[in-house]
Amino acid sequence: MDEGASDVWAEGGAYERYMGRWSRRVAEVFVDRLGVPAGLRWLDVGCGTGALTAAVAARCRPRAVLGLDRSAGFLRAARAAAPAPARFAVADASALPVRDASFDTVVSGLALNFLEPPGTAVAEAARAVGPGGLVAAYVWDYAGGMALLRHFWDAAVAVDPAAAALDEGRRFALCRPGPLQALWTGAGLVDVTVAPVEVPTVFGGFDDLWEPFLSGQGPAPGYVATLGPAARDRLRTRLAATLPTGPDGSVSLTARAWTVRGVRP
């Protein structure tokens, strides 16, 4: 199976149930840690359903904030949820439709590893900010710290060894401190730092955790969509058996993201 064949991004509501509820928590911590002043012009590249754009609009008192994404379906969800002054447009991260140095801060949340090639996207982000401007992003720690996906792929490989090729921890080697640092410095950015953000991901029960994997949005749900009923049931059973489940049936995990930031000299 093609490693990217299951990377479907079209239904904003389905994605929100799967991952958006956790990405919004990371976005709030991320923008608070940036510590930038009010009144800036922000660009959110690969904004998806608008989690990060909304956090900027609500928490940073921006002069302007523009979210760009390739998925018109995700942008419909973003427009419905983000407060003013957020605006959105369909665009490709590899060829941003903005003038040089037209923003003060460029950010990206949970998108960098899906951008091809990522180096071009970061170079475009650096082009879009003026001297002294900040370029910052965050990605899931797929290899270990994003427990929901780590449990999922470990269970998938246990019942279907071929799933190892699709494991996001394997596919996205970029999502580690060293490669992120190198990507930012390679784009000519300075004062580059990489740091973790962790948020709790608590599910009311196994169904609350499992049902979003049936949405078809993203690599793991896309893989589930390829399975027949019997294989899907084997995966479901294996995953349920490996999760830390409380006496009330809840499942308490954590999600770690790596953040990276740098300044255009």
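Two strands count as paired if DSSP finds at least two bridges between them, and it is in this sense that pairing is described below for a predicted model. In the case of β7, F203 stands opposite V251, and this pair belongs to the antiparallel pairing of strand β6 (residues 190–203) with β7, which extends over twelve bridges. Taken as a whole, seven strands form an open sheet in the order β3-β2-β1-β4-β5-β7-β6, with mixed pairing. Strands β3 and β6 stand at the edges with a single partner strand each, so one side of each is left without a neighbour in the sheet. On average, and with direction ignored, neighbouring strands of this sheet are turned by 20° against each other.

**Parallel strands and their crossovers**

- Strand β1 (residues 41–45) and β2 run parallel and are joined by five bridges, and within this part of the sheet D44 has G67 in β2 as its bridge partner.
- Strand β2 (residues 64–69) is mostly covered, since five of its six residues are buried, where buried stands for a relative accessible area under 20%.
- On to strand β3 (residues 86–90), β2 is again joined by five bridges and the two run parallel; D69 has V90 in β3 as its bridge partner.
- A right-handed β-α-β unit is also made by β2, helix α3 (residues 72–81) and β3.

**Antiparallel strands**

- Strand β5 and strand β7 (residues 251–263) run antiparallel and are joined by seven bridges, with A136 standing opposite R261 in β7.
- In the pairing of β6 with β7, which is antiparallel, P200 has T254 in β7 as its bridge partner.
- As a general point, the side chains of a regular strand alternate between the two faces of the sheet.

**Helices against the sheet**

- Helix α2 lies across β1, β2, β3, β4 and β5, and its direction is at about 180° to that of β2.
- Helix α4 lies across β1, β4 and β5, and runs at about 145° to β5.
- The buried residues of helix α4 (residues 118–128) are P118, A121, V122, E124, A125, A126 and A128, and they pack against β1, β4 (103–109), β5 (129–140) and α7 (177–186).

**A helix pair**

- Helix α5 (residues 147–159) and helix α10 (residues 229–242) have axes that come within 9 Å and cross at roughly 130°, which makes α5 oblique to α10.
- The crossing of α5 and α10 is right-handed.
- On the α5 side the residues that take part are H151, F152, A155, A156, A158 and V159, which meet R234, L235, R238, L239 and T242 in α10.

- S108 lies in strand β4 and, at 8% relative accessibility, counts as buried; with neighbours within four places in sequence left aside, S108 is in contact with D44, V45, L52, A136, A137 and Y138.
- T201 has its place in strand β6 and counts as buried, with a relative accessibility of 1%; not counting residues up to four places away in sequence, T201 touches W22, V251, S252, L253, T254 and A255.
- Among the residues that T201 touches are V251 and T254, of which V251 is opposite F203 and T254 is the bridge partner of P200.
- A187 has its place in the loop between α7 and β6 and, at 23% relative accessibility, counts as partly exposed.
- Leaving aside neighbours within four places in sequence, A187 is in contact with V122, A123 and A126, and V122 and A126 are among the buried residues of helix α4.
- A187 and R127 are 60 residues apart in sequence, while their C-alpha atoms are 9.3 Å apart in space.

Methods:
Residues numbered from 1 in each chain as written. Predicted model: local features only at pLDDT ≥ 70, side-chain atom pairs only at ≥ 80, totals over all residues. Heavy atoms only, no water. Buried < 20%, exposed > 50% of the residue type's maximum accessible area, 1.4 Å probe, protein only. Helix = DSSP H or I, 4+ residues; strand = E, 2+ residues; numbered from the N terminus. Right-handed = clockwise from strand over helix to strand, strands pointing away. Contact = heavy atoms within 4.5 Å. Axes fitted to C-alpha atoms, helices over the stretch in contact; angles between N-to-C directions. Parallel < 35°, antiparallel > 145°, perpendicular 65-115°, else oblique. Left-handed = near helix turned anticlockwise from the far one by under 90°.
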